[in-house]
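The following note is meant to be read beside the model. Its points are numbered for reference.

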Amino acid sequence: MAGITARKNKKGEITSYDITVSRGYDQYGRKLPPYRKSWKPEKGLTEKQIEKELQKQAVLFEEEIKAGGGAVNGSIKLSVFCDKYLYITKTTLAPSTHSNYKKIIRDYIKPALGHMKIKDIRPSHVQQLIKELAECPKYPKGRVAEKTDIEETLSPSTVKRILAVLQAILKVAVKEQIISESPAKSERLTLPKAAQAKVEIFTKDEVAKMLECLENEPLQYQVLLQLALFTGARRGELVALKFSDIDFDANKVTIERAAYKLTGQKLQFKPPKDNEPRTVAVSPACIELIRLLQQEKQQEAARLGTQWHENDFLFTQWNGNVMDLGTPSHWFCDFLRKNDLPHRKFHALRHTSATLLLIGGTDLRTVQSRLGHGSIRTTNIYLHSVEEADVEAARTLGAMLNTGAKPKDTQPPLHINPASEE
């Protein structure tokens, strides 16, 4: 069992902990120096939280040693280090991302490379994993080793996503000096070519029709779609909005939380992506709709009495509880179908907001700020749509100018008798 010793400063305050694991004895019966690891608790943790995390660190360290000597000599197996990676990234990755990484590690990485010591993994092993993934059936979901007669295989983008998780794990192994260089660097591998994902957007005419048809929808869905277009917020950010986030005087909306749901768990909330709250300006007409929605919620609360659960959310179920995360997508799909609008995902409203802003002349930095992108490179994906719109505008203009430049001897335009028009 691992030994734990507290290290204190001159004031007697605990600053860190030493975790030790016995190495046994040498051939002469002399006790070897133990494996040693230092752990420093993060600021703000309670004594109970520190004790809990300290015990976890000790268990993980023991597992590393049992797996082949631990990080001291680089003999830790990848499967053991994957568990450590998931533990140390639990507070840094978004919950849904962490859950997705856990599945990828379980279904693909551990079965293929988990038995190997990290120090023994070579680019050739990673390349073999890429080959197996490219041949791995898409359905049913399973491990790399599982093969079926189903012809459809994992897409190149999915293969790259799995590789990205492995790269992240090995990057941490480099940081911890288990290995000096990652064997999964992209420049040392041949990656499958993935088609560039097309950003789905609605045209200006489609948005105009959408807003016209929206008048026949319940008030909270009118607000939902308007805010999606005006703010470009993600679905989870919209669902998590509260009336306290609305500045009715300045016509602004602050996005400071996002809703998410893991399989088998209740809806939960976290800071927005990149942990940066942002404030976005919207139109006075949109603010007025929100004001009407607030009045409607107050009337419902009065009507339902004790059945109403007051949570201050804009978008709710019948009893005031926050709207289910899947509801916006389900409603939007029905809304598009019954109004003969092209089917696109709810997330396309975010893409549309960004693209229309750029087409209208808004600078890239402002769009980045409104969308809450951590990097300008993420916002750059919309430039392609803007270029396409610019090419289409040039075609339209060219057609108009060419029509006006037709020779005089061409056939005259057909004149329609107004009386014959229906």
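1. In which helix is Cys-82 found? Cys-82 belongs to helix H2, residues 78-88; helices (H or I, at least four residues) and strands (E, at least two) are DSSP runs, numbered from the N terminus.

2. Two remarks on the basis of the values are needed. This is a predicted model, in which local features need pLDDT of at least 70 and side-chain atom pairs count only at pLDDT 80 or more, while totals for chains, interfaces and linings use all residues. Residues are numbered from 1 along each chain as its sequence is written, and side-chain values use heavy atoms, with hydrogens and water left out.

3. On the cysteines: Cys-82 counts as buried because its relative accessibility is 0%, and Cys-213, at 12% relative accessibility, also counts as buried. Buried means under 20% relative accessible area, exposed over 50%, and partly exposed in between (1.4 Å probe, protein chains only). The structure holds zero disulfides, a disulfide being a pair of cysteine sulfur atoms within 2.5 Å. Cys-82 and Gly-114 lie 32 residues apart along the chain, with 8.2 Å between their C-alpha atoms.

4. An open sheet of three strands has the order E1-E2-E3 and antiparallel pairing; two strands pair if DSSP finds at least two bridges between them. Its edge strands are E1 (3-8) and E3 (35-39), each of which pairs on one side only. From one strand to the next the twist averages 25°, with axes as lines fitted to C-alpha atoms, for helices over the stretch in contact, and angles running from 0 to 180 degrees between N-to-C directions. E1 is joined to strand E2 (residues 14-21) by six bridges, the two running antiparallel. Thr-5 stands opposite Asp-18 in E2.

5. A further open sheet of three strands, also with antiparallel pairing, has the order E4-E5-E8. Strands E4 (246-247) and E8 (278-281) stand at the edges with a single partner strand each, so one side of each has no neighbour in the sheet. Four bridges link E8 to strand E5 (residues 252-255) in the antiparallel sense. Val-253 has Val-280 in E8 as its bridge partner, and Lys-252 stands opposite Ala-281 in E8.

6. How are the residues of E8 divided between a covered and an uncovered face? Arg-278 and Val-280 make up the covered face, and Thr-279 and Ala-281 the uncovered one. In a regular strand the side chains alternate between the two faces of the sheet.

7. The largest pocket holds about 1600 Å³ of space. On a 1 Å grid over the protein atoms alone, a pocket is an open set of points with protein on both sides within 12 Å along at least five of seven lines, and lining residues have an atom within 4 Å of a point. Grid points are joined across faces, edges and corners, and a volume is the space filled by probe spheres set on the points. Of the 43 lining residues, the closest to the centre are Ala-94, Ser-96, Thr-97, Lys-270 and Lys-273. Helix H3 (95-113) gives the most to this lining, with seven residues.

8. Asp-312 is found in the loop between helix H9 (284-304) and helix H10 (327-338), and is partly exposed because its relative accessible area is 24%. Asp-340 is found in the loop between H10 and H11 and, at 66% relative accessibility, counts as exposed.

How values were computed
On a 1 Å grid over the protein atoms alone, a cavity is a set of points where a 1.4 Å probe fits but cannot get out, and a pocket is an open set with protein on both sides within 12 Å along at least five of seven lines; lining residues have an atom within 4 Å of a point.
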